[in-house]
Amino acid sequence: MKTYVARIARRVAPRTVRNLEALSDLTADHGEGPLRFVAYERELQDLRREVDALRRDNRRVAELYDVVFEQARRDAAERGVAPTPDREVTDRAVAALEERLESEKGRGTATQEPGA
């Protein structure tokens, strides 16, 4: 009876029967597809939770660094050893460094052999 109905269906609606057979093959071969999709969704949720935890940890570390450096600055100021920024001294040091780098750069290109 099943083969009789299948034969009639193939004559009446061959394209529909082909589509149903193809769909049947897909679900038979890849029956785990929906399960795999659910597993991927769960894994994605787990990864999102891990990323959020890492972000929270990163924020905590940054806050701790801020606390440590603020405490070190206060301690240095209380002991009178805190550096006092002097713009002129800093500018002179930067200019001297730039000059030194330029002179080393000039010497480096002069001593370099052609073709090296």
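1. Helices (H or I, at least four residues) and strands (E, at least two) are taken as DSSP runs, numbered from the N terminus. The model is a predicted one, in which local features need pLDDT of at least 70 and side-chain atom pairs count only at pLDDT 80 or more, while totals for chains, interfaces and linings use all residues. Residues are numbered from 1 along each chain as its sequence is written, and side-chain values use heavy atoms, with hydrogens and water left out.

2. The protein chain has four helices and zero strands, in the order α-α-α-α from the N terminus. Of its 116 residues, 2% count as buried (under 20% relative accessible area, with exposed meaning over 50% and partly exposed in between; 1.4 Å probe, protein chains only).

3. Val12 lies in helix H1 (residues 2–12) and is exposed, at a relative accessible area of 66%. Together with Met1, Tyr4, Val5 and Ile8, Val12 forms a nonpolar surface patch of about 570 Å² of accessible area. For such a patch, nonpolar side chains (Val, Leu, Ile, Met, Phe, Trp, Tyr) are joined within 5 Å, provided that the residues have over 30% relative accessible area and no salt bridge (a side-chain nitrogen of Lys or Arg within 4 Å of a carboxyl oxygen of Asp or Glu).

4. One aromatic pair is present (ring centres within 6.5 Å; planes under 30 degrees apart are stacked, over 60 edge-to-face, the rest tilted). The rings of Tyr65 and Phe69 have centres 6.2 Å apart and planes at 15°, so the pair is stacked. Both residues belong to helix H3 (residues 33–79), where being four residues apart separates them by about one helical turn. Phe69 is exposed, with a relative accessible area of 56%.

Notes:
Patch = residues over 30% accessible without salt bridge, like charges linked within 9 Å, V, L, I, M, F, W, Y side chains within 5 Å. Areas by Shrake-Rupley, 256 points an atom, 1.4 Å probe, with all protein chains shown as cover. Phe/Tyr/Trp six-rings, centres within 6.5 Å; stacked < 30°, edge-to-face > 60°.
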